[in-house]
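Could you walk me through this model in the viewer, one selection at a time? I would like to know what to click on next and what is there.

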Amino acid sequence: MATLAEVLNANTREGELYEKLERGFVRCFACGHCCRIPEGQIGVCKVRFNRGGELMVPWGYAAGLQCDPIEKKPFHHAYPGALAYSFGMLGCDLHCSYCQNWVTSQAIRDPRAVSAPMSVTPAEIVQDALRQGARAVVSTYNEPLITSEWAVAVFKEAKAAGLVTGYVSNGNGTPQVLEYLRPWVDLYKVDLKSFDDRHYRQLGGRLEPILSTIRALHQMGFWVEIVTLLIRGFNDSEDELKRLTEFVAGVSEDIPWHVSAFHRDYKMTDPQDTSAQDLLRAARIGKGVGLRFVYAGNLPGQVGDFENTRCPGCSELLIERFGYHVQAYRLTTRGTCPKCDVALPGRWPEKLEKQIWALPFLPRRRAFR
Ligand code: SF4
């Protein structure tokens, strides 16, 4: 019986995000590691490899397919209430000990991570998304940057069908991969895990490529939202949160910042689960540095107004949420406040989609675990 590595190696094709070097080496540009890979070897992500002087990349399968509210990604300023169809492959360029998608992201690296890939075409993914009423198609579950050629193939089909596209990513990008994605990706969520380079090195990365990616995404016109999973003793100090949020505000005060609650998962089982009070403290720090849209996530009903969107001009309540559920939506068809006509930054539908009301996702009336 074939091993997972053998199955994945068979589901590949030559990549586009690389250059050929001397003596059969290749340089991959899909993520900030920029691996220089000798013939017969694999990159840090363990899913891109050098075969005969060509970079082979994942192709033709999915390890996860699911339709959820777009708020779960989370995007709060893009098509509220719409359904987002998520697809994922396997592998990651980081190895976070608290990963909440480790079954897909750490495949190959960790023998306990078992998630069977299924053969699928881009057209089949898009047809399934349309069948389920999705408005958006999102690459997530594994790190999408390392499987960008496949994501772009899916997004070409998705855009032809009139769908919005998105990445849910750790943001460890390069200028080359962002240029490659720019025509095909509308929404980009970055998981900004810390503002300490030592912490990023523990996770297998570096802080600077992530910060560069966030600046570039904003300048290039992607719609960007940022998430920080708040972990006690790891990234929750006043000083670190202040520097992190000041950085985001320095790129743009209009970038939504989501701070979400950690729960014990995978190999990180020491820190206590994040409380609503922890989230509120972090959210107030974000507000204090000037961020205009701060959201405290995944503890529905426990974080007060930090689930909602208010007008930056007159503070009118524009979008009211409970968890992923949009309970009230008051923007005009032009994406402005009905009271003072200030435009809300984001990507808004020209009119309310039927599914906002017809197909709501109802979260449980308690904290998600
Ligand atoms: S995606 Fe990143 S980790 Fe994987 S081979 Fe390319 S540069 Fe290396």
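## A buried aspartate

Start with D196: its relative accessibility is 12%, so this residue counts as buried, the cut-off being under 20%. Keep in mind as you look around that this is a predicted model. Now display the contacts of D196 beyond four places in sequence: the partners are L207 and E240.

## Around the ligand

Next, select the ligand and the residues surrounding it: C28, A30, C31, H33, C34, C35, I37, G43, V44, C45, R48 and I146. Colour this shell by class and you get 9 nonpolar residues, 2 polar and 1 charged.

## The second largest pocket

Move on to the second largest pocket, with a volume of about 190 Å³. Its lining has 13 residues, and those closest to the pocket centre are K287, R292, F293, T309 and R310. Strand 16 (294-297) and strand 17 (309-310) are the elements that each give two or more residues to this lining. Which classes make up the lining of the second largest pocket? Here you will see 6 nonpolar, 3 polar and 4 charged residues.

## Confidence

Finally, colour by pLDDT. The protein averages 89, and 87% of the residues score at least 70. Select residues 357-361, where pLDDT stays under 50 and the model has 12 contacts beyond four places in sequence. Then select residues 363-369, also below 50, with 16 contacts in the model beyond near neighbours in sequence. Where pLDDT is low, predicted coordinates should not be read in detail.

Key. Residues are numbered from 1 along each chain as its sequence is written. This is a predicted model: local features need pLDDT of at least 70, side-chain atom pairs count only at pLDDT 80 or more; totals for chains, interfaces and linings use all residues. Side-chain values use heavy atoms; hydrogens and water are left out. A residue is near a molecule or strand if one of its heavy atoms lies within 4 Å of it. Ala, Val, Leu, Ile, Met, Phe, Trp, Tyr, Cys and Pro count as nonpolar, Asp, Glu, Lys and Arg as charged, and the others, Gly among them, as polar. Buried means under 20% relative accessible area, exposed over 50%, partly exposed in between (1.4 Å probe, protein chains only). Contact means heavy atoms within 4.5 Å. On a 1 Å grid over the protein atoms alone, a cavity is a set of points where a 1.4 Å probe fits but cannot get out, and a pocket is an open set with protein on both sides within 12 Å along at least five of seven lines; lining residues have an atom within 4 Å of a point. Grid points are joined across faces, edges and corners, and a volume is the space filled by probe spheres set on the points. Helices (H or I, at least four residues) and strands (E, at least two) are DSSP runs, numbered from the N terminus. pLDDT is the predictor's confidence in each residue, from 0 to 100.
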